[in-house]
Amino acid sequence: PAVMDAMDATVECDGAGNGVDLDAWLASNGGASATDVCGGVTWSNDFDALSDDCGATGAATVTFTATDDCGNATSTTATFTIEDTTAPVLIEPAVNFTSECAGEGNQDALNIWLDANGGAEAEDACSAIVWTNNFESLDTICGFAGSAEVTFVATDNCGNETSTTATFTIQDTTQPVYVEQPQNLTVECDGNGNEDDLANWLDNQGGAVVEDACGSISWEI
């Protein structure tokens, strides 16, 4: 038989083996055609399975054979390829998060936010997704308060990426807490204004004791 060659076909991954596309390509003999002056032509092919590539992609090189009624055969070969060029689809972007300062960087809250990818969600038709982020450290604002802008990246098995960015902030809106209130002090007059007693009382903030979870304390009088 006289054969017009089969043609390669490339389709975008649908995550399920692209069965409809593959079956149609095989049924059309890869686009090949054949004629025989002596009779009819019967087509066959040697397709077995797709190769296992990234995600649900793969390829198969198939030989199509046209055989006439007398058993004469002519073959043509082409490749069917499933590729994944589509990035994961972002369903929910990452969301900014603000936490009240608890001292030492609010590590638990930060870790939970990072582990949840800032609340971001993505899906991909062709494979599972791996999340990464570029967090390094918090930029200090004051005390233990600070912030970090973080980019979360969703990558599928074929290396296609989608990213989303949000900011984690530690704020300090809590006033220092008095553990001990300042105490009145009465001293006996020394005739010179009791300057030493007064200076000591002021230097000790009248005996007051204050604590703050987010940083050191400066006193003013």
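Which strands do the buried residues of α2 pack against? They pack against β8 (97-100), β10 (129-133), β12 (145-156) and β13 (161-171). This is a predicted model: local features need pLDDT of at least 70, side-chain atom pairs count only at pLDDT 80 or more, and totals for chains, interfaces and linings use all residues. Residues are numbered from 1 along each chain as its sequence is written, and side-chain values use heavy atoms, with hydrogens and water left out.

**Terms**
- Helices (H or I, at least four residues) and strands (E, at least two) are DSSP runs, numbered from the N terminus.
- Buried is under 20% relative accessible area, exposed is over 50%, and partly exposed is in between (1.4 Å probe, protein chains only).
- Contact means heavy atoms within 4.5 Å.

**Helix α2**
- L110, W113 and L114 are buried in α2 (residues 107-115).
- Seen down the axis, these buried residues fall within an arc of 95 degrees, so they line one face of the helix. The arc is taken from the directions from the helix axis to the C-beta atoms.
- D108, I112 and D115 are exposed on the other side of α2.
- N117 follows α2 and has a positive phi, near 55 degrees.

**Helix α1**
- In α1, the buried residues are L22, W25 and L26.
- Their arc around the axis is only 95 degrees, which puts them on the same side of α1.
- V20, D23 and A27 are exposed on the other side of α1.
- The buried residues of α1 pack against β2, β4 (41-45), β5 and β6.
- N29 follows α1, with a positive phi near 60 degrees.

**Nonpolar cores**
- A nonpolar core is a set of buried Ala, Val, Leu, Ile, Met, Phe, Trp, Tyr and Cys residues joined through side-chain atoms within 4.5 Å.
- The largest core has 15 residues, and W25, L26, V62, F64 and F80 have the most contacts inside it.
- β2 (9-12), α1 (19-27), β5 (58-68) and β6 (73-83) each give two or more residues to this core.
- A second, separate core has 14 residues, including F152, A166, F168 and I170.
- L26 touches N45, F47, V62 and F64, not counting residues up to four places away in sequence.

**Surface patch**
- L185, V187, L198, W201, L202 and I221 form a nonpolar surface patch, with about 570 Å² of accessible area together.
- Accessible areas come from the Shrake-Rupley method with a 1.4 Å probe; for residues, only the protein chains shown count as cover.
- Patch residues have over 30% relative accessible area and no salt bridge; like charges are joined within 9 Å, nonpolar side chains (Val, Leu, Ile, Met, Phe, Trp, Tyr) within 5 Å.
- A salt bridge is a side-chain nitrogen of Lys or Arg within 4 Å of a carboxyl oxygen of Asp or Glu.
- L198 lies in helix α3 (residues 195-203). At 45% relative accessibility, L198 counts as partly exposed.
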